[in-house]
Amino acid sequence: MHILRPQFALNDRDALRLAADRGFGVILAADERGPLGSHVPFNLLTREDGVTILQAHLTMKNPLLKLADGKRRFLVIVQGADSYVSNDWYVSRDQVSTWLYEAVHLSGIGHLREIDANRPHGDALLADAESRLLKDPWKLASMDPVKREAMLNAIRTVDVVIDTIEGQSKLNQHKADEDHVAVADHLAASGTEAGRTLALKMRQLRPHLRYEFGE
C-alpha cells in the first residue's frame, strides 16, 4: 500500500483492529495469467508465538485454492468507511476535492488447510458474525446434519500467515483546524452511514474543537 502521508498511516494494532471489526475483504493472489480475487468473510487468529493468521474459506471450484501452496503470497484488502469530500466544504479557499477513507492491506503466505479444519473455521466465523446482530446466535449445529456436511465438504479453509500489515486512515489530518471541523460537520450531515462514521473518527482526532454534530 502506498501511504499518501506519514500522518495517515495506521500502526499495526489499529490496522488489525479495523480489519477484525470489518471481517470482510478481497483476497488476492496471482498465477501465470495474472491476479485472481474473491470477496470473502474472514476471522483473525493469533498463535501462541504472536503471529496473526487470517483465515477464510473458498469454494472447491475457486482457482485461488490451488495457489495456497505454502509458498505463494496472498494479499487481503479490507475497506473501511469512505466518502467523497467536496472542495466547497472547506473554509480555506482553493482546496481540492478528495476522498477520505480507511483501508488495510494484510499479506503473507497462503496455506490450504485439510478439510477437517472447515467445521471449526465455520463455527468461529459464524460466532463472530452472529455476535454483531441483536438476536440469539444461529449455529451450524442447528442445521440438518446431511445438508451441513454437504456444505462443509464444498469448501476449503485457507490460512494467510500475515507478515506485512499496512493500514491507512485518510482523515484530513494535514488540514487546519477550521477545515477539519468544516469537513467533519458536512460529513456528519451527509445522510450516509459512511459519512457519519468518518465524521466521528475525525472528531476523535481533535476532540477539543467545536463541532455542530453531537456524539
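These legends describe close-up views of one predicted model.

The model is predicted, so local features need pLDDT of at least 70 and side-chain atom pairs count only at pLDDT 80 or more, while totals for chains, interfaces and linings use all residues. Residues are numbered from 1 along each chain as its sequence is written, and side-chain values use heavy atoms, with hydrogens and water left out.

**View 1. Helix α4 is mostly covered.** Helices (H or I, at least four residues) and strands (E, at least two) are DSSP runs, numbered from the N terminus. Helix α4 spans residues 177-188. It has 12 residues and reaches 16 Å from its first C-alpha to its last. That is close to the 16 Å expected at 1.5 Å a residue. The expected span is 1.5 Å times one less than the number of residues. Of the 12 residues in α4, 9 are buried. Here, buried means under 20% relative accessible area, exposed means over 50%, and partly exposed lies in between (1.4 Å probe, protein chains only). The buried residues of α4 are Asp179, His180, Val181, Ala182, Val183, Ala184, Asp185, Leu187 and Ala188. What covers them includes β5 (69-85), β6 and α5.

View 2. Helix α5 has 13 residues. From first C-alpha to last, α5 reaches 19 Å, close to the 18 Å expected at 1.5 Å a residue. Gly195, Leu198, Ala199, Met202 and Arg203 are buried in α5. An α-helix has 3.6 residues a turn, so residues three or four places apart point the same way. On the other side of α5, Glu193 and Gln204 are exposed. The buried residues of α5 pack against β5, β6 and α4. Contact means heavy atoms within 4.5 Å.

**View 3. Glutamate 102 and lysine 201 meet in a salt bridge.** A salt bridge is a side-chain nitrogen of Lys or Arg within 4 Å of a carboxyl oxygen of Asp or Glu. This one is 2.5 Å, N to O. Glutamate 102 lies in strand β6 (residues 98-112) and lysine 201 in helix α5 (residues 193-205), so the pair ties together parts that are 99 residues apart in sequence. Glutamate 102 is buried, at 6% relative accessible area. Lysine 201 is partly exposed, at 27%. A search of the whole structure finds 13 salt bridges.

**View 4. Arginine 206 and aspartate 177 meet in a salt bridge.** The N to O distance is 2.9 Å. This pair links distant parts of the chain, 29 residues apart. Arginine 206 is in the segment after α5, and aspartate 177 is in helix α4. Aspartate 177 is partly exposed, with a relative accessible area of 36%. Arginine 206 counts as buried, at 12%. The side chain of arginine 206 also reaches the backbone oxygen of lysine 175 at 2.9 Å. Such a polar contact is a pair of N or O atoms within 3.5 Å; within protein, one must be able to donate a hydrogen and the other to accept it, and residues adjacent in sequence count only if both atoms are side-chain atoms. Not counting residues up to four places away in sequence, arginine 206 touches several residues, including Asn172, His180 and Tyr211.

**View 5. Arg13, Asp14 and Arg17 form a network of salt bridges.** In one of its links, the side chains of aspartate 14 and arginine 13 meet at 3.9 Å, N to O. Aspartate 14 is partly exposed, with a relative accessible area of 24%. Arginine 13 is exposed, at 59%.

**View 6. Aspartate 94 has a positive phi.** The angle is about 60 degrees, although aspartate 94 is not a glycine. Aspartate 94 lies in the loop between β5 and β6. At 72% relative accessibility, aspartate 94 counts as exposed.

**View 7. Asparagine 172 has a positive phi.** Its phi is about 60 degrees, and asparagine 172 is not a glycine. Asparagine 172 is found in the loop between β7 (155-170) and α4. Its relative accessibility is 1%, so asparagine 172 counts as buried.

**View 8. Lysine 147 is found in helix α3.** This helix covers residues 145-152. Lysine 147 counts as exposed, at 56% relative accessibility. Lysine 147 and aspartate 123 are 24 residues apart in sequence. In space they are 15 Å apart, C-alpha to C-alpha.
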